[in-house]
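We will walk through the model one stop at a time.

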Amino acid sequence: MANSAGADRSGTLAQLLARVALADQRAFAELYRQTSPHLYAVALRILREPASAEEILQEAYVSVWQHAGTYVAAKSQPLTWLTSIVRNRCLDHLRRRELDTFPLTSGADDEPAFDPPADSPAPVDLLVAGAEAQSVRDCVETLDAGPKQAIALAFFHGLSHAELATHMREPLGTIKSWVRRGLERLKRCLDGAGFAR
Amino acid sequence: MDLARPDRSERLDRLAAEFALGTLPSRPRARLAQAARTEPVVAAAIGEWEQRLAALAIAIPAVTPPPRVWTAIASRLGLAAASTGTASAIWWNRVGVWRALTLLAFAAVLGLGIALLSQRAAVPEASIVAVLAGADGKPALIASARRTDAFLLVKAVSTAPVESGKALELWMLPTGAAPRSLGLIRATGIARVPLPAPTDSSLANIPALAVSLEPATGSPTGLPTGPVLYSGPIERMY
């Protein structure tokens, strides 16, 4: 987080967001140019359907244009803020669809709804590669294999507890406890390393 | 349940973590999102987790969305760009490009007057000069011609190496119209670029030139398809 290129980029994006809040169309186009490839990749990975990913990306930027004023630089990095908007819309979309598609009685016997694209890096690899700072990498490495994979699949592909159970062929209770323990451990480790404020 | 109560902080943290990770099922997810809108403590707990997990998303390889996404966004918001297509395809129509060109003109022409003068000396009677600069504002190419010549001399001053399988293509940027290709140019040395007519007439309504990165055989569409590496306004010395 401390590298200066990243800090410069954050500064630029924060300035663009500030201008977008004042309805500056050029700044908005530039913000889109700089951030849409990252956000589209995030959406594609979670939704696994280009059409849905495009739709979510559209909605997200429309929302950014309308709500850029609510972005408070002090509270989070601009790219974190934007990524969260897209991720949350993707997750809402997935969870809504589940509600529509699956009867409440559906269990872990359902067909796996998950088909990882063959040519992309596996989620666990992404977890480790994405954690740029050594402290983050170290923290991820402290996770056991099960929790690490469960968190990676949930984070990068939007899998729910039930989908994780199906995909990893583990009981739902095991999955829930892996995710909970994994997140707790990650938090303790990251906070201990002084990461994220 | 009031998640904002201090004695609930552990449960709130766990819910916020699963919210940010994405594993909360639909109904608890909707309830927590609703609570975050009215309870700053809940919003902050979610924000902290989003921040923690954000570092993980950095390595996802970027994927450029199709141009129609921007078109749809601009049209839904009624933005000026709505009628002109995507941000990348219409760069020559964006005011920002022209503002940048103007700034580059000052930076390049004024800041490097000596280079320009020596270049003019090397091409006697040059009456049209364009200094094409990259994003860093440094001149990369200098194009010059006499009014009566039907060709441009384009000298590479400091261009970045071109990867194999790619080539540099030179474009005229007419006012209010799409760019017109002047063909491929070399990334080193001096290229002699033929014009359809003497510069006086063929560049009459051309305020600027640009160079884009294209496939080795040139743009397949007749319009720039790759990034614009260098651009600059045409200076007329008459």
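Start by selecting chain A, where 42% of the 197 residues count as buried. Keep in mind throughout that this is a predicted model.

**Stop 1: chain A as a whole**

Colour chain A by secondary structure and you will find 9 helices and 0 strands. Reading along the sequence, the pattern is α-α-α-α-α-α-α-α-α. Among contacts in chain A between residues at least 6 apart in sequence, 66% join residues at least 24 apart.

**Stop 2: a helix under cover**

Now select residues 161-168 of chain A, which are helix α8(A). How many of its 8 residues are buried? The count is 7, so described by the numbers this helix is mostly covered. Show side chains for A:H161, A:A162, A:E163, A:L164, A:A165, A:T166 and A:H167 to see the buried ones. Then click on A:R169, which follows α8(A) and has a positive phi, near 55°.

**Stop 3: the largest nonpolar core**

Next, show A:A43, A:L57, A:V86, A:A154 and B:A16 together. Of the 76 residues in the largest nonpolar core, these five touch the most other members. Helix α2 (residues 25-47) of chain A supplies the largest share of this core, 12 residues. Zoom in on A:A43: leaving aside residues up to four places away in sequence, A:A43 touches A:A53, A:I56, A:L57, A:V86 and A:C90. There is also a second, separate core of 32 residues, and B:I142, B:W171, B:M172 and B:L182 are among them.

**Stop 4: where a helix of A meets a helix of B**

Select helix α3 (residues 50-67) of chain A and helix α4 (residues 67-77) of chain B. Their axes come within 9 Å and cross at roughly 40°, which makes α3(A) oblique to α4(B). The crossing is right-handed. On the α3(A) side, show A:E54, A:L57, A:Q58, A:Y61, A:V62 and A:W65. On the α4(B) side, the contact is made by B:V69, B:A72, B:I73, B:R76 and B:L77. You have already met A:L57, as one of the core residues that touch the most other members.

**Stop 5: chain B and its helix pair**

Move on to chain B, which has 7 helices and 8 strands. Of its 238 residues, 38% count as buried. Residues 24 or more positions apart account for 56% of the contacts in chain B with a separation of 6 or more.

Pick out helix α1 (residues 9-21) and helix α3 (residues 40-57) of chain B. These two pack at an angle of about 50°, with their axes 8 Å apart, and are therefore oblique to each other. Here, too, look for a right-handed crossing, as α1(B) passes α3(B). The contact residues of α1(B) are B:L12, B:D13, B:A16, B:A17, B:F19, B:A20 and B:L21. They meet B:V42, B:A45, B:I46, B:W49, B:E50 and B:L53 of α3(B).

**Stop 6: the sheet of chain B**

Which order do the strands follow in the open sheet? Trace the 8 strands of chain B as β5-β4-β7-β8-β1-β2-β3-β6, with antiparallel pairing. The edges are β5 (180-185) and β6 (190-194), each pairing on one side only. On average, neighbouring strands are turned by 25° against each other, direction ignored.

For one pair within the sheet, select β4 (residues 166-173) and β7 (residues 208-215) of chain B, which run antiparallel and are joined by 8 bridges. B:W171 has B:A210 in β7(B) as its bridge partner.

**Stop 7: a strand covered on both faces**

Finish at strand β1 (residues 128-133) of chain B, with 6 of its 6 residues buried. In a regular strand the side chains alternate between the two faces of the sheet. Show B:I128, B:A130 and B:L132 for one side, then B:V129, B:V131 and B:A133 for the other; they are all buried.

- β2 (residues 139-145) of chain B runs antiparallel to β1(B), with 6 bridges between them. B:A130 stands opposite B:A143.
- The β1(B)–β2(B) hairpin has 5 residues between its strands, and B:G137 in the turn has a positive phi of about 85°.
- β8 (residues 228-236) of chain B is also antiparallel to β1(B), through 4 bridges. Here B:I128 has B:R236 as its bridge partner.

Notes: Residues are numbered from 1 along each chain as its sequence is written. Chains are lettered from A and ligands numbered from 1 in the order in which they are written. This is a predicted model: local features need pLDDT of at least 70, side-chain atom pairs count only at pLDDT 80 or more; totals for chains, interfaces and linings use all residues. A residue is buried if 20 or more other C-beta atoms lie within 10 Å of its own, exposed if 12 or fewer, and partly exposed in between; C-beta atoms are placed from the backbone. Two strands pair if DSSP finds at least two bridges between them. A nonpolar core is a set of buried Ala, Val, Leu, Ile, Met, Phe, Trp, Tyr and Cys residues joined through C-beta atoms within 7 Å. Two residues are in contact if their C-beta atoms, placed from the backbone, lie within 7 Å. Axes are lines fitted to C-alpha atoms, for helices over the stretch in contact, and angles run from 0 to 180 degrees between N-to-C directions. Angles under 35 degrees count as roughly parallel, over 145 as roughly antiparallel, 65 to 115 as roughly perpendicular and the rest as oblique. A crossing is left-handed if the near helix is turned anticlockwise from the far one by less than a right angle, and right-handed if clockwise.
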